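Me: Got this one open in the viewer and I'd like to go through it with you. Can we start with the helices?

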Amino acid sequence: MTEAQSRRIVLAARPTGLPKPSDFRLEEAPIPTPGPDQVLIGVRYLSLDHYMRGRMNDAKSYAKPVGIGDVMEGGTIGVVLRSNHGDYREGDWVLSHSGWQSHAVAAAETLRKLDPAAAPVTTALGILGMPGFTAYSGLLTIGDPKPGETVAVAAATGPVGSAVGQIAKLKGARAVGIAGGPAKVAYLKELGFDAALDHAAPDFADQLAKACPKGIDVYFENVGGAVWDSVFPLLNDFARIPVCGLIAHYNESAPFPGPDRFPLVMRQVLSKRFRIQGFIQYDFAEQRPAFYRDMAEWIRAGKVKYREDIVDGLGNAPEAFIGMLQGKNFGKLIVKVA
């Protein structure tokens, strides 16, 4: 490979069930040239996130799917290599949505300049980026936790779930974290969760009931599946349920198995007056200034901690992504591209 070549990973095939390495393809291409008001970015870090699995399907959703042969999409951190816009100079660090590639051209108005002296640049992909903002906006706007209430969150060691639990504690609520495996449960205790549970434990439902003796007031839904089945009976009247993701179902390709539980769920929604609201983080874009201010202060004060799981090499992105869908990552999953 020569210096005049860019590397990129494209969608080679639409997966059925869990993606396979053959669903991706590593390609080389000429480094692009920026046009008017554009910059050329050398991508240094790539964020891997669960929502990308949905983009691989050719199905109607809130966002357009990735086309066959197109670069896999994703948030990135990079360095400006060439600029045709006065606000950006060579060497500036920027946040962009450049996808799974080593070089990209982007319009200047789509970028956000980063200050490496203020915080590690990788935090713009995690705790100070989309995942952190997802936790902040979804929990505070929809969940609205009150002092003394119980907030439960699944996938609690991930970048969203870990922030949810810590923000809940800052608001005076009890935080109950659900994760997979002893190491992740131990980490939740380090973060200050009031209870930390392994969803793989054979008596998980009983453990959850004991950890929530007064029921659950806010359930931040990341997973669905068997975790939801254990949470559902514990939801209190007027419980709030921000629906952020359904990780347990992203790889399903067949109709959901019976029996039909819709009448049971809706009867409880009605009688207990649940508030269930799905959301995408950009629904609350006007809250971003408050998020950047609050989260930066909480991190500086040691009130919020975060963990990053960094994988070396763009070529390892597919394997890391497939592993993430199986719960193998520990913290915010980031690929170090260069």
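Predicted model: local features only at pLDDT ≥ 70, side-chain atom pairs only at ≥ 80, totals over all residues.

Me: Which residues of helix H5 are buried?
Reply: In H5, residues 204-211, the buried ones are Phe204, Leu208 and Ala211. Buried means under 20% relative accessible area, exposed over 50%, and partly exposed in between, with a 1.4 Å probe and protein chains only. Helices are DSSP runs of H or I with at least four residues, strands are runs of E with at least two, and both are numbered from the N terminus.

Me: How are they placed around the axis of H5?
Reply: Looking down the axis, the buried residues fall within an arc of 65 degrees, so they line one face of the helix. The arc is that of the directions from the helix axis to the C-beta atoms. An α-helix has 3.6 residues a turn, so residues three or four places apart point the same way.

Me: And what do those buried residues pack against?
Reply: Strand S9 (174-179), strand S10 (195-198) and helix H6 (225-231). Contact here means heavy atoms within 4.5 Å.

Me: OK, H4 next. Which residues are buried there?
Reply: Lys184, Val185, Tyr187 and Leu188 are the buried residues of H4, which runs over residues 182-190. They cover an arc of only 160 degrees around the axis, which puts them on the same side of H4. On the other side, Pro182, Lys189 and Glu190 are exposed.

Me: What does the buried side of H4 pack against?
Reply: S9 and S10. Just after H4, glycine 192 takes a positive phi of about 95 degrees.

Me: Switching topic: at what angle do H2 and H8 pack?
Reply: About 105 degrees, with the axes of H2 (residues 130-143) and H8 (residues 288-300) 10 Å apart. That makes H2 roughly perpendicular to H8. Angles of 65 to 115 degrees count as roughly perpendicular, under 35 as roughly parallel, over 145 as roughly antiparallel and the rest as oblique. Axes are lines fitted to C-alpha atoms, for helices over the stretch in contact, and angles run from 0 to 180 degrees between N-to-C directions.

Me: Which residues meet there?
Reply: Gly132, Phe133 and Tyr136 from H2 meet Arg288, Ala290, Phe291, Asp294 and Trp298 from H8. The residues of this contact divide into five nonpolar, one polar and two charged. Nonpolar covers Ala, Val, Leu, Ile, Met, Phe, Trp, Tyr, Cys and Pro, charged covers Asp, Glu, Lys and Arg, and the others, Gly among them, count as polar.

Me: What about glutamine 287, buried or exposed?
Reply: At 17% relative accessibility, glutamine 287 counts as buried. Its place is in the loop between strand S13 (275-278) and H8. Leaving aside neighbours within four places in sequence, glutamine 287 is in contact with Phe133, Tyr136, Ser137 and Thr141.

Methods. Residues numbered from 1 in each chain as written. Heavy atoms only, no water.
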